[in-house]
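Please look over the protein shown here. A short report on its fold, surface and contacts comes with it.

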Amino acid sequence: MAPAVEAANSAGIPVILVDRTSDSGEVVTLVVSDNVAGGEMAAQYIVDTVGEGAKTVQLEGVPGASATNERGQGFMNVAETSLNVLDSQTANFDPAEGLTVMENMLQGNSDVQAVFAQNDEMALGAIEAIQGAGLSN
């Protein structure tokens, strides 16, 4: 993100960021959701819906991205004590990677009960993998 912000700054273009931060450059405005709280809410939803100790996997976003770090932190705040996290892998916020990573996770963990995808695009890929394996979603 930082190189894009710095390039815009050099060109005299004001930068407004939505749901992502930059380590450098000048940002006029930052509009963000509380990604940590969102991750915590997702984990708590799994606990409430599937049950304490549910066998869960996590699809992570782009490594190093603020949303990845914050959503993962929030999820693990609850999951560490309330869920059984079997696996956690990067799928880069991409639906095709979400499909492939979920297929691989299901091969290694046939007893998965819940999935936390850090964005909706990866969740769509995960759903496709789950359906392709003949499991319900």
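The report below moves from the overall layout to single residues.

## Model and overall layout

This is a predicted model: local features need pLDDT of at least 70, side-chain atom pairs count only at pLDDT 80 or more, and totals for chains, interfaces and linings use all residues. Residues are numbered from 1 along each chain as its sequence is written, and side-chain values use heavy atoms, with hydrogens and water left out.

The protein has 5 helices and 5 strands. Helices (H or I, at least four residues) and strands (E, at least two) are DSSP runs, numbered from the N terminus. From that end, the order is α-β-β-α-β-α-β-α-β-α. Along the principal axes, the C-alpha atoms fill a box of roughly 55 × 30 × 20 Å. Of the 137 residues, 36% are buried. Buried means under 20% relative accessible area, exposed over 50%, and partly exposed in between (1.4 Å probe, protein chains only).

## The salt bridge

The structure holds 1 salt bridge. The term means a side-chain nitrogen of Lys or Arg within 4 Å of a carboxyl oxygen of Asp or Glu. Here the side chains of Lys 55 and Asp 111 meet, at 2.9 Å from N to O. Lys 55 sits in strand β3 and Asp 111 in the loop between α4 and β5, so the pair ties together parts that are 56 residues apart in sequence.

The most come from α2, with 7 residues.

By class, the lining has 8 nonpolar, 6 polar and 1 charged residues. Ala, Val, Leu, Ile, Met, Phe, Trp, Tyr, Cys and Pro count as nonpolar, Asp, Glu, Lys and Arg as charged, and the others, Gly among them, as polar.

## A nonpolar surface patch

Ile 16, Val 18, Val 28 and Val 31 form a nonpolar patch on the surface. Together they have about 380 Å² of accessible area, by the Shrake-Rupley method with a 1.4 Å probe. Patch residues have over 30% relative accessible area and no salt bridge, and nonpolar side chains (Val, Leu, Ile, Met, Phe, Trp, Tyr) are joined within 5 Å. Val 18 lies in strand β1 (residues 16-18). Val 18 counts as exposed, at 58% relative accessibility.

## Loop residues

Most residues other than glycine have a negative phi. Asn 92 has a positive phi of about 55°. Phe 93 also has a positive phi, near 60°. Asn 92 lies in the loop between β4 (84-90) and α4 (95-108), and Phe 93 is placed in the loop between β4 and α4. Asn 92 is partly exposed at 29%, whereas Phe 93 is buried at 15%.

Ala 65 is in the loop between β3 (55-60) and α3 (66-82). Ala 65 is buried, with a relative accessible area of 17%.

Notes: Patch = residues over 30% accessible without salt bridge, like charges linked within 9 Å, V, L, I, M, F, W, Y side chains within 5 Å.
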